[in-house]
Amino acid sequence: MARRAAAPARPLGDDFSFVSPVVKYVLFFFNLLFWMISMVMVAVGVYARLLKHAEAAMACLAVDPAILLIVVGVLTFLITFCGCIGSLRENICLLQTFSACLTVVFLLQLAAGVLGFVFSDRARGKVSEIINGAIVHYRDDLDLQNLIDFGQKEFSCCGGVSYKDWSQNMYFNCTATNPSRERCSVPFSCCLHDANQTVINTMCGHGMQDKGYLEASAFIYTNGCIDKLVNWIHSNLFLLGGITLGLALPQLVGIILAQLLINQIRDQIKLQLYNQQHRADPWY
């Protein structure tokens, strides 16, 4: 008895989808969270900029923490916007843009870490340049001033290389023609503080740049913040590694989910094209 020819495989129904709702909505809410965070960052940065005097704000544009907050916030907003809309609308172009941007950011972070380790002397010089620029604009920006004071208190340091670096600031400059009342002084955050002291003496750094290291060390921190920062980094490598991993992990998760969703959408498009081509098939 002759065998009956096997019927061709039926195409999958129109209700079938390769796109996983789990992957789609996990990626959507993942981006939505960082999208909202980025909007808060931009709002805080813009608000901080608007509170500053226009001339003072323009003078220290390169070292303004508010500008850094705005730039990071805007970039995060644009990248996560592509991820949000791309995942929700199943748009391959937006998802590819999101994945490519995250990959570039991840590679830049990796390259910065490697280059900073390999070219540690140049990295140290760049850090020194940034700190010196911040010292010059110390009185021009309240946010920058608070950031420097916080750093000097936390690391028990003063200036970049030493406390005499504060002479770069026009208010603390030691030249005889400087009319400032803070001439040859250092900020109060450089001062040694007694644990039992309840009222901070903001004039405790007055005239300290005129004193030698040994004499000044009885009243202020004389070591610069660069060496303190380098020593802190060497002592907290595991902590910094954990923070770096914590920043890199969400990026890797976002890249993987985006690529997975892109492949699923492409498979779904192929399925739809296949179904359209076989509508006239009697076995459909």
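**Exercise 1. Determine which helices each supply at least two residues of the lining of the largest pocket, and describe that pocket.**

Solution. Helix H4 (92-118), helix H5 (120-136), helix H8 (225-235) and helix H9 (237-277) each supply at least two residues of the lining of the largest pocket. Helices (H or I, at least four residues) are DSSP runs, numbered from the N terminus. The model is predicted: local features need pLDDT of at least 70, side-chain atom pairs count only at pLDDT 80 or more, and totals for chains, interfaces and linings use all residues. Residues are numbered from 1 along each chain as its sequence is written, and side-chain values use heavy atoms, with hydrogens and water left out.

Step 1. On a 1 Å grid over the protein atoms alone, where a 1.4 Å probe fits, a pocket is an open set of points with protein on both sides within 12 Å along at least five of seven lines; lining residues have an atom within 4 Å of a point.

Step 2. The largest pocket holds about 870 Å³ of space, a volume being the space filled by probe spheres set on the points, which are joined across faces, edges and corners. Of its 24 lining residues, Ala112, Gly113, Gly116, Phe117 and Ile233 are the closest to the centre.

Step 3. H4 gives the largest share of this lining, 8 residues. By type, the lining divides into 15 nonpolar, 7 polar and 2 charged residues. Here Ala, Val, Leu, Ile, Met, Phe, Trp, Tyr, Cys and Pro count as nonpolar, Asp, Glu, Lys and Arg as charged, and the others, Gly among them, as polar.

**Exercise 2. Describe the second largest pocket.**

Solution. Step 1. Its volume is about 660 Å³. Among its 21 lining residues, Ile130, Ile131, Ala134, Leu147 and Ile148 lie nearest the centre.

Step 2. H3, H5, helix H6 (142-155) and H8 each supply at least two lining residues, and the largest share, 7 residues, comes from H6.

Step 3. This lining divides into 17 nonpolar, 3 polar and 1 charged.

**Exercise 3. State how the axes of H1 and H3 cross.**

Solution. Step 1. The axes of helix H1 (residues 21-50) and helix H3 (residues 65-89) come within 7 Å and cross at roughly 155°. Axes are lines fitted to C-alpha atoms, for helices over the stretch in contact, and angles run from 0 to 180 degrees between N-to-C directions.

Step 2. The angle therefore makes H1 roughly antiparallel to H3, a term for angles over 145 degrees.

Step 3. The residues of this contact divide into 22 nonpolar, 8 polar and 2 charged.

**Exercise 4. Locate the disulfide of Cys157 and Cys225.**

Solution. Step 1. The structure holds 4 disulfides, each a pair of cysteine sulfur atoms within 2.5 Å. In the disulfide of Cys157 and Cys225, the sulfur atoms are 2.0 Å apart.

Step 2. Cys157 lies in the loop between H6 and helix H7 (213-216) and Cys225 in helix H8, so the pair ties together parts that are 68 residues apart in sequence.

Terms used. Parallel < 35°, antiparallel > 145°, perpendicular 65-115°, else oblique.
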